Amino acid sequence: MDLIIELLMTFAAIIGFGVIFSVPKRALLLGGGIGVVTWFVLQTGINMGTSAIFATVLASLTAATIAHLLAKKIRIPVTTLSIPGILPLVPGSRAYFTMLAFVDGDYLLGLEYGVETMLQAGAIAAGLVLALSIFSFGKGIGNRYETGH
Amino acid sequence: MKAADEVMDICLLAGEIMLTYGAETYRVEETLERMARSSGFTNVHCFTTTTGIFLSFEERKGKEDLMQMVRVDDRMQDLNKVTEVNQVSREFTAGELTVEEADQRLKAISKAPIHYPIWLIHLAAGVAGSGFSYLFGGGLQDLLPAYLAAVIASVTLVEFERYLKVRFAAELAAAFVGGSVAILLVFIGVGNNLDQIIIGSLMPLVPGVPLTNAVRDLLSGDLLAGMSRGVEALLTSLSIASGIALSISLFL
């Protein structure tokens, strides 16, 4: 029951964010749907006992994959879907408590929260990068050796 | 073969709109190169950073080289305009649009007002803020104060930017006002969890577009653009944090 209320809240909040970023109307509801899936994956992962960071990577990967598939289908830039998709993962709470601890002068606690914030942000980026690598097979850029010819 | 000058103009206009309103660097480069190639020019090169676009191509082999640049100062978030320019470039590349038609459509997109009216954006910021305050562990009684604080923070951000036109200071002011309103509301007894209300009301200020674009740019090899976008997102986050720290140390 709690999860259902949370999913409804996610949907409403992500639609709100879509309007803030001026996402085109046909992508608004889709973005909200991706956000709901993201939150569901994150909560299911945490409930099944994985660490929050790993659950974030999984959720971000799911969101970015769905965003890439849908964006190809309805022909819009992928950012209009992937930004709403990853928003539920943004470590706003951790970032706030980091700031609060530093304001209180509790630097050790602040560093602890700060590291958690950075890890979670890194986890979001890792999920995005993984999905992007899958969808750019064969289109990437050269890196080390010229093996093509 | 189309007139090189005109094609150069519409390419740069399309690139300028996309870069201003939050497209990734690789998308701008790819779009411009495709548009120029589809018009029959060779040796097309485009170099884009977060703040400028260079485009060069030659009209005939070894002759009539053209090279222009535009400087892009504003960076706003309006993904609808990016989508529309994307559509125009797709039709232009497929040969469905003439140069004049493309020029008209791009100018219309560039002049068009923001996709959603500004009051709707304020209300949406409220919905996003109260939703996130619940997701971060607030109760149902915290929805209303988070809504009010988020709407006031959003209004502050927009009006501050309109009249004073200072980067980063607008976010700082918005975070300060939003945090102060949240503290005031909890003080007079509306809502219980101050932390969750403040976090929720600040979520609409999160620089989502530059953050996502920074990751994308870094991965597609646009290291310069990726780093600068990442720093932009970092500075925005830091100014939000300083704004809220200011209001907490003043009023708590």
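The structure is a predicted model, in which local features need pLDDT of at least 70 and side-chain atom pairs count only at pLDDT 80 or more, whereas totals for chains, interfaces and linings use all residues. Residues are numbered from 1 along each chain as its sequence is written, chains are lettered from A and ligands numbered from 1 in the order in which they are written, and side-chain values use heavy atoms, with hydrogens and water left out.

The secondary structure of chain B consists of 10 helices and three strands, where helices (H or I, at least four residues) and strands (E, at least two) are DSSP runs numbered from the N terminus. Along the sequence, these elements of chain B follow the pattern α-α-β-β-β-α-α-α-α-α-α-α-α. The C-alpha trace of chain B spans about 75 × 30 × 30 Å along its principal axes. Of the 252 residues in chain B, 54% count as buried; here buried means under 20% relative accessible area, exposed means over 50%, and partly exposed lies in between, with a 1.4 Å probe and protein chains only. One of the buried residues is A233(B), with a relative accessibility of 1%, which is located in helix 10 (residues 223-251) of chain B. The C-alpha atom of A233(B) is separated by 8.5 Å from that of A214(B), and these two residues are 19 residues apart along the chain.

Two helix pairs illustrate the packing, for which axes are lines fitted to C-alpha atoms, for helices over the stretch in contact, and angles run from 0 to 180 degrees between N-to-C directions. Between the chains, the axes of helix 1 (residues 2-20) of chain A and helix 5 (residues 118-135) of chain B come within 7 Å and cross at roughly 150°. Helix 1 of chain A is therefore roughly antiparallel to helix 5 of chain B, on a scale that counts angles under 35 degrees as roughly parallel, over 145 as roughly antiparallel, 65 to 115 as roughly perpendicular and the rest as oblique. The crossing of helix 1 of chain A and helix 5 of chain B is left-handed, a term used if the near helix is turned anticlockwise from the far one by less than a right angle, with right-handed used if clockwise. Within chain A, helix 2 (residues 25-47) and helix 3 pack at an angle of about 155°, with their axes 8 Å apart. Helix 2 and helix 3 of chain A are thus also described as roughly antiparallel to each other, while their crossing is right-handed.

Two loops contain a residue with a positive phi. Most residues other than glycine have a negative phi. R75(A), although not a glycine, has a positive phi of about 60°, and it lies in the loop between helix 3 (52-74) and helix 4 (79-86) of chain A. K165(B), likewise not a glycine, has a positive phi of about 50° and is placed in the loop between helix 6 (143-164) and helix 7 (169-187) of chain B. K165(B) is exposed, its relative accessible area being 68%.

Side chains of opposite charge can pair when their charged atoms come close. Over all chains, the structure holds 10 salt bridges, each defined as a side-chain nitrogen of Lys or Arg within 4 Å of a carboxyl oxygen of Asp or Glu. One of them joins E24(B) to R27(B), with the closest N and O atoms 3.0 Å apart; E24(B) is buried at a relative accessible area of 1%, and R27(B) is buried at 10%. Another links the side chains of R71(B) and D73(B) at 2.9 Å, N to O, and both R71(B) and D73(B) are exposed. A further salt bridge connects E159(B) and R162(B) at 3.6 Å, N to O. Because E159(B) and R162(B) are three residues apart in helix 6 of chain B, about one helical turn separates them. E159(B) is partly exposed at 26% relative accessibility, as is R162(B) at 44%. Salt bridges that share partners also join R75(B), R167(B) and E232(B) into one network.

Finally, F47(B), F54(B), M67(B), M69(B) and L224(B) make a nonpolar surface patch of about 510 Å². Patches are made of residues with over 30% relative accessible area and no salt bridge, like charges being joined within 9 Å and nonpolar side chains (Val, Leu, Ile, Met, Phe, Trp, Tyr) within 5 Å; accessible areas come from the Shrake-Rupley method with a 1.4 Å probe, and for residues only the protein chains shown count as cover.
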